[in-house]
Amino acid sequence: MPSLTDVPNLAVGHATDAHARTGCTIVLGPFRAAADVRGSATGTRELGALSADHVAGRLDAILLTGGSAFGLAAADGAARWLEARGRGFDAGVARVPIVAAAVLFDLAEGDASRRPDEAMGAAACAAADAGPVAEGRVGAGTGATVGKLLPDTTPSAGGVGSWSVRVGPHVVAALVVANSVGDVRDETGAIVAGARTPGGAWADVARGLANAGGSISGSAAGTNTTLAVLATDAPLERPSLRVLARAASSGLARRITPYGTPFDGDIVFAVGTAEATAEVDPRALLALCAGAAEVSARAVIRAVTQPA
């Protein structure tokens, strides 16, 4: 099955707390990276290290985690795991692992007092391998849900999904954790996961919000978020990776309606695993962007349709 790990030199691991309905997912590098931030309710760590002028040219890992801001503690466990294996930025007196992280909100789904922590971050690293990525309600997708905010509706299960395609000589792949305000739609525009009415019909969040006149359910700000990692073995520098991240976000916007809302913390990381970089023809970059949009769109469908 196509997967993020079809891109060489990547490993992915999940840690899952089924009782608390939370978890985290790690993507191990090293790799160059950039990000596209669309949501207004982000919780992050080390985003500055993705800047094109940051002294650390590569990240060692990206962590996607449940637990809202509390879940950022899992990145400390990942950093300690990497340090113990001699991995990280060489600062002379020590190697300092650079672990970027982003969170989603799943505290309402299980035991809100149990969140991903250092032990869980280290466990995700220990579980990481280059095999096909486990999908569905695992890792960071354990407590994810999609289709929220409308009164008197019930969201669907979210989760983790992955997909890859070949673009010329290179691979482009995505891993998506769907936990969105919006519904998820297939290629025909039909809703495949989202908010349901008491009668079981799809409520259509985008249309409902447009007609709601400000009437939404609960305390919704920051309680959602779709996170993604887009990867390629094309020899791209960080500015070109940011272009790919934006293209992947556009792919998500095709399938999630609405996407990038004030109540989501939506972020796409784009990583490049090639050892060296080279100048890329704009036409080749455009083709990679088309692949990025395709794999992110396919991955989010799998996130909501695959059992754990």
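At what angle do helix H4 and helix H5 pack, and how far apart are their axes? In this predicted model, H4 covers residues 238-255 and H5 covers residues 282-305, and the two pack at about 40 degrees with 7 Å between their axes. That angle makes H4 oblique to H5. As for handedness, the crossing of H4 past H5 is right-handed.

So who touches whom? On the H4 side, the contact is made by Ser-240, Val-243, Leu-244, Ala-247, Ala-248, Gly-251, Leu-252, Arg-254 and Arg-255. Their partners in H5 are Leu-285, Leu-288, Cys-289, Ala-292, Ala-293, Glu-294, Ser-296, Ala-297, Val-300 and Ile-301. Sorted by class, this H4 and H5 contact holds 13 nonpolar residues, along with three polar and three charged ones.

Now for H4 taken by itself. Its 18 residues reach 26 Å from the first C-alpha to the last, close to the 26 Å expected at 1.5 Å a residue. Several of its residues are buried, among them Leu-244, Ala-247, Ala-248, Gly-251, Leu-252 and Arg-255. Arg-238, Leu-241, Ala-245 and Ser-249 of H4 are buried too.

Elsewhere in the chain, Arg-45 sits in strand E3, which spans residues 44-45. Setting aside neighbours within four places in sequence, Arg-45 is in contact with Leu-72, Ala-75, Asp-76 and Ala-79, and also with Val-99, Ala-100 and Ala-101. As for Ile-98, 53 residues away from Arg-45 along the chain, the C-alpha atoms of the two are 9.8 Å apart.

Notes
Residues are numbered from 1 along each chain as its sequence is written. This is a predicted model: local features need pLDDT of at least 70, side-chain atom pairs count only at pLDDT 80 or more; totals for chains, interfaces and linings use all residues. Side-chain values use heavy atoms; hydrogens and water are left out. Axes are lines fitted to C-alpha atoms, for helices over the stretch in contact, and angles run from 0 to 180 degrees between N-to-C directions. Helices (H or I, at least four residues) and strands (E, at least two) are DSSP runs, numbered from the N terminus. Angles under 35 degrees count as roughly parallel, over 145 as roughly antiparallel, 65 to 115 as roughly perpendicular and the rest as oblique. A crossing is left-handed if the near helix is turned anticlockwise from the far one by less than a right angle, and right-handed if clockwise. Contact means heavy atoms within 4.5 Å. Ala, Val, Leu, Ile, Met, Phe, Trp, Tyr, Cys and Pro count as nonpolar, Asp, Glu, Lys and Arg as charged, and the others, Gly among them, as polar. The expected span of a helix is 1.5 Å times one less than its number of residues. Buried means under 20% relative accessible area, exposed over 50%, partly exposed in between (1.4 Å probe, protein chains only).
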